[in-house]
Amino acid sequence: MRTSPEVAVRAEAELGEGPTWDPAAGRLIWVDILSSRVHTYDPSTGRRTVMATGQHVGAAKPRAGGGLVVVLRDGTGLYDADGSFSWLVHDPAPGRRGNDAAVAPDGALWAGTMRYDEAEAGGTLSRIAPDGTVSPVLDSVTVSNGTGWSPDGRLMYYTDTPTRRVDVFDVDGERVLNRRPFVATERPGWPDGLTVDAEGCVWVAFWDGASVRRYTPDGRLDRVVELPVRRPTACAFGGSGLRDLYVSTARTGLDAPHPLSGSLLVLPDAGQGLPGTPFAG
């Protein structure tokens, strides 16, 4: 199957990240971390919205009752459907910010952090329950990125980007165990955000690799989609039937970014995505 990328939203996001399909609203949610903006896009109408968050926003996910849960510089916050904001977890740490996050099949948020200077082992990965209870998972992360679950929920995939690996854990209720390499990725590029499809294959965006790559459940690279931009950051299935793969991109740090750097791209009919779970809080 050959799929060429198309432009879903032409933008100049500094650090576009975290595309997430919101089935209740029929829209895609994504963020521009460094511009402190949450974007939405409805592919059926072309309607777009932009919301300022007031501080750097690493991720935004839909909530079961409407609104958004957001991973910010100083913790995790909640936006109600009417736009009002409250902190769920307020935990500021100088020099640190929230980064990528994902909602587990049980409705909990798994949120990562990183140091602005990308100091080794300066970040974390935590499970945040709907009531705001925080359970530390990993406390020596450098750049916490892609997190996703297998179709049966028995495995969790995770990327700490500088390791150049995607790791896999066994899922035991609210815990993950037996961390091991799923795939040691090949240059060019660094593994960033990821998503898992209905066949259990893991799609990974490659920062500085100008591509999205798909790995089979046994860790074999079976597809590479070349992109016109150097810094794709994450990917997610969305649209009608969850068939289209959306890819967020960045332009930060590039002396001569491609005109589409920072745009939201889409690979039509790229595969079959899994239905997501909204945050239960």
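## Close-up views of a predicted protein model

**View 1. E199 is exposed, with a relative accessible area of 58%.** Welcome to this model, which is predicted. E199 forms a salt bridge with R214, and their closest N and O atoms are 3.6 Å apart. This pair links distant parts of the chain, 15 residues apart: E199 sits in the loop between β18 (190–196) and β19 (202–207), while R214 belongs to strand β20 (residues 211–215). R214 counts as buried, since its relative accessibility is 14% and the cut-off for buried is under 20%. Salt bridges with shared partners join D197, E199, R214 and D222 into one network.

**View 2. E174 and R127 meet through their side chains in a salt bridge.** The N to O distance here is 3.7 Å. E174 lies in the loop between β16 (165–172) and β17 (175–184), and R127 in strand β12 (residues 123–128), so this pair ties together parts that are 47 residues apart in sequence. Which of the two is buried, and which is exposed? E174 counts as exposed, at 52% relative accessibility, whereas R127 counts as buried, at 6%.

**View 3. R27 and D22 are joined by a salt bridge between their side chains.** The distance from N to O is 3.3 Å. R27 is partly exposed, with a relative accessible area of 24%. D22 is buried, with a relative accessible area of 7%. This pair belongs to a structure that holds 17 salt bridges.

**View 4. T53 is found in a loop, between β5 (48–52) and β6 (57–62).** Is T53 buried or exposed? It counts as buried, at 11% relative accessibility. A polar atom of the T53 side chain lies 2.7 Å from the backbone oxygen of Q55. Looking beyond residues up to four places away in sequence, you will find T53 touching S36, R37, V38, L72 and Y79.

**View 5. T233 lies in strand β22 (residues 232–238).** This residue is buried, with a relative accessible area of 0%. What does the side chain of T233 make a polar contact with? Its partner is the side chain of S248, at 2.6 Å. Once neighbours within four places in sequence are left aside, the contacts of T233 include L15, G16 and E17. D192, G193, A205 and W207 are also among them, as are S248, T249 and A250. For a sense of scale, the C-alpha atoms of T233 and A121 are separated by 21 Å, and these two residues are 112 apart along the chain.

**View 6. The whole protein chain has 24 strands and 0 helices.** Here is the setting for the close-ups. The C-alpha atoms fill a box of roughly 45 × 40 × 40 Å, taken along the principal axes. A compact globule of 281 residues would have a radius of gyration near 19 Å, and the 17 Å of this chain agrees with that. Of the 281 residues, 56% are buried. Among contacts between residues at least 6 apart in sequence, 42% join residues at least 24 apart. The chain exposes about 11700 Å², and carbon and sulfur atoms supply 47% of that area.

Note on methods. Residues numbered from 1 in each chain as written. Predicted model: local features only at pLDDT ≥ 70, side-chain atom pairs only at ≥ 80, totals over all residues. Heavy atoms only, no water. Salt bridge = Lys/Arg side-chain N within 4 Å of Asp/Glu carboxyl O. Buried < 20%, exposed > 50% of the residue type's maximum accessible area, 1.4 Å probe, protein only. Helix = DSSP H or I, 4+ residues; strand = E, 2+ residues; numbered from the N terminus. Polar contact = N/O pair within 3.5 Å; in protein donor to acceptor, adjacent residues only side chain to side chain. Contact = heavy atoms within 4.5 Å. Rg over C-alpha atoms; globule rule 2.2 N^0.38 Å. Areas by Shrake-Rupley, 256 points an atom, 1.4 Å probe, with all protein chains shown as cover.
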